[in-house]
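Please have the sequence and the 3D view open as you go.

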Amino acid sequence: ENLPDRGQVKQCRCTFYQNLDAGGMVPTSLMNQKLPKALSVVQQAIDEFKQDDKIDEVDRAEVATLMSEKHDDQEYSDE
């Protein structure tokens, strides 16, 4: 699903569905052992598409612009 862009940073939302029909009782210990590996796909996708630094940069620029526009009589450096 596409989300609104943050500056020039495109965003989306993904939903991961997984289904298991074990056909009966599955021991808890087995599920506790196998489940982290099955969910590692989600963490790999997060790591691959992470854009936190870009989004933070856009947010900082927006705040700096708002601050400079609101206080036109003050001087700001580019830092």
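## The largest pocket

Let us begin with the lining of the largest pocket, which has ten nonpolar, three polar and four charged residues. In this count Ala, Val, Leu, Ile, Met, Phe, Trp, Tyr, Cys and Pro are nonpolar, Asp, Glu, Lys and Arg are charged, and the others, Gly among them, are polar. The lining is made of 17 residues, and Cys12, Cys14, Ala45, Ile46 and Phe49 lie nearest the centre of the pocket. Helix 1 gives the largest share, five residues, while strand 2 (9-12), helix 1 and helix 2 (52-70) each supply at least two.

The space in this pocket is about 490 Å³, a volume filled by probe spheres set on grid points joined across faces, edges and corners. A pocket is an open set of points on a 1 Å grid over the protein atoms alone, where a 1.4 Å probe fits, with protein on both sides within 12 Å along at least five of seven lines; lining residues have an atom within 4 Å of a point.

## About the model

This is a predicted model, in which local features need pLDDT of at least 70 and side-chain atom pairs count only at pLDDT 80 or more, whereas totals for chains, interfaces and linings use all residues. Residues are numbered from 1 along each chain as its sequence is written, and side-chain values use heavy atoms, with hydrogens and water left out.

## Overall build

The protein has two helices and two strands, in the order β-β-α-α from the N terminus. Helices (H or I, at least four residues) and strands (E, at least two) are DSSP runs, numbered from the N terminus.

Of its 79 residues, 4% count as buried, meaning under 20% relative accessible area, with exposed over 50% and partly exposed in between (1.4 Å probe, protein chains only).

Val41 sits in helix 1 (residues 28-49) and counts as partly exposed because its relative accessibility is 42%.

Asp56 belongs to helix 2; its relative accessibility is 39%, so Asp56 is partly exposed too. The C-alpha atoms of Asp56 and Arg6 are separated by 9.6 Å, although these residues are 50 apart along the chain.
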